[in-house]
Amino acid sequence: MTGQLSLGLIGVRGFVGREVLRLVAGHPTLKLVFASSRDLAGQPVSTLASKAGDLTIEALTPQPAAKRKADIIVLGLPNGLAAPFVAALEEHCPNSLIIDLSADYRFTNGWAYGLPELYADKQALASTRRIANPGCYATMAQLAIFPALEKIGLGQPPSIFAVSGYSGAGTTPGPMNDLDNLADNLIPYQLTGHLHEQEIAYHLGHEVRFTPHVHPAFSGLLVSVHLRFKTQISRDQLIDLYREIYRSHDLIQVQDAPPTLKDSIGQPGAILGGFEMTQDGYGAVIVSVGDNLLKGAAVQAVQNINIASGFAPLLGLLGLAGSNS
């Protein structure tokens, strides 16, 4: 079709980059014009996404990548590696839309934070050209906390128990993506000061406690959030509050029962449920699940591209989307 926007993907080797590639290849208004990976250079892009056309993966450094002047650049690089590419893009194509999938710009002024269900208007996603894609844990935790944020008691930081599939550990071999180490296992890690703890607290404007773990399946993410409130609230009132907040967001499902981790695998959105109340009526536990590679990363990146490009937010995702219950 005519009127397509050109898109370049830098960092296609990682699991998230591959999911972005797959979604872009099936998008009606996006045209992939290059894909870059030092490790996969020379391989056909179609080996990663069958609908991606006849492009070959290249090993592009910042200046050559920027000189391609694509309408949209998605950076799928590990944390700490985005800056040279951003600098080159600022020089050669300052009006290009940049979506950074790493954590490098999630705390940076001038970059919008792209969790559209919560911050689309506040972050002016429809007019920005620089978007930091949120982390997977940070997405599910904020979705679970945000509707009740004003009801949380002073000095009562939400406690977040989080579990993710080993794809969240990336492709570089290590103990958290070692299948022998993961078999019949659950691995806690970085139990204080995790970057996603900082990210959640920064964007919610509220202190939190966060304990991440890795489970043996490839993908899927679950967070159980303990909240304490300033005043008593009933379970029905709490569920109604969440349903009202997410009523117009087709990727967010609110249900009575707590979702399981398996419910999230391969799904484009998030499911919130549980809403179990403490006996005194001042506390609740809410469970949020989502696929760490999809709503936790790639699906959200496409949502942000759509909004910033003036498309319908779920364009190219409608076949994947569920509906609110």
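In this predicted model, a single aromatic cluster is formed by Phe-15, Tyr-166 and Phe-218. Across the whole structure, a search identifies 8 aromatic pairs. One of the pairs joins Phe-15 to Phe-218 in an edge-to-face arrangement, with a distance of 4.9 Å centre to centre and an angle of 90° between the planes. This pair connects distant parts of the chain, as 203 residues separate its two members. Phe-15 belongs to helix 1 (residues 15-25), whereas Phe-218 lies in the loop between strand 9 (209-215) and strand 10 (221-228). Phe-15 is partly exposed, its relative accessible area being 22%; Phe-218 is likewise partly exposed, with a value of 32%.

A second aromatic pair consists of Tyr-105 and Trp-111, whose ring centres are 4.1 Å apart. The planes of these two rings stand at 15°, under the limit of 30 degrees, and the pair is therefore classed as stacked. Tyr-105 is buried, with a relative accessible area of 13%, and Trp-111 also counts as buried, at 11% relative accessibility.

Helix packing was examined for helix 5 (residues 136-145) and helix 9 (residues 294-308), which pack at an angle of about 100° with their axes 8 Å apart. Because angles of 65 to 115 degrees count as roughly perpendicular, helix 5 is described as roughly perpendicular to helix 9. On the helix 5 side, the contact involves Cys-136, Thr-139 and Met-140, which meet Lys-295, Gly-296 and Gln-300 of helix 9. Classified by residue type, this contact between helix 5 and helix 9 comprises 2 nonpolar, 3 polar and 1 charged residues.

Key
Residues are numbered from 1 along each chain as its sequence is written. This is a predicted model: local features need pLDDT of at least 70, side-chain atom pairs count only at pLDDT 80 or more; totals for chains, interfaces and linings use all residues. Side-chain values use heavy atoms; hydrogens and water are left out. Axes are lines fitted to C-alpha atoms, for helices over the stretch in contact, and angles run from 0 to 180 degrees between N-to-C directions. Helices (H or I, at least four residues) and strands (E, at least two) are DSSP runs, numbered from the N terminus. Angles under 35 degrees count as roughly parallel, over 145 as roughly antiparallel, 65 to 115 as roughly perpendicular and the rest as oblique. Contact means heavy atoms within 4.5 Å. Ala, Val, Leu, Ile, Met, Phe, Trp, Tyr, Cys and Pro count as nonpolar, Asp, Glu, Lys and Arg as charged, and the others, Gly among them, as polar. Rings of Phe, Tyr and Trp (its six-membered ring) pair if their centres lie within 6.5 Å; planes under 30 degrees apart count as stacked, over 60 as edge-to-face and the rest as tilted. Buried means under 20% relative accessible area, exposed over 50%, partly exposed in between (1.4 Å probe, protein chains only).
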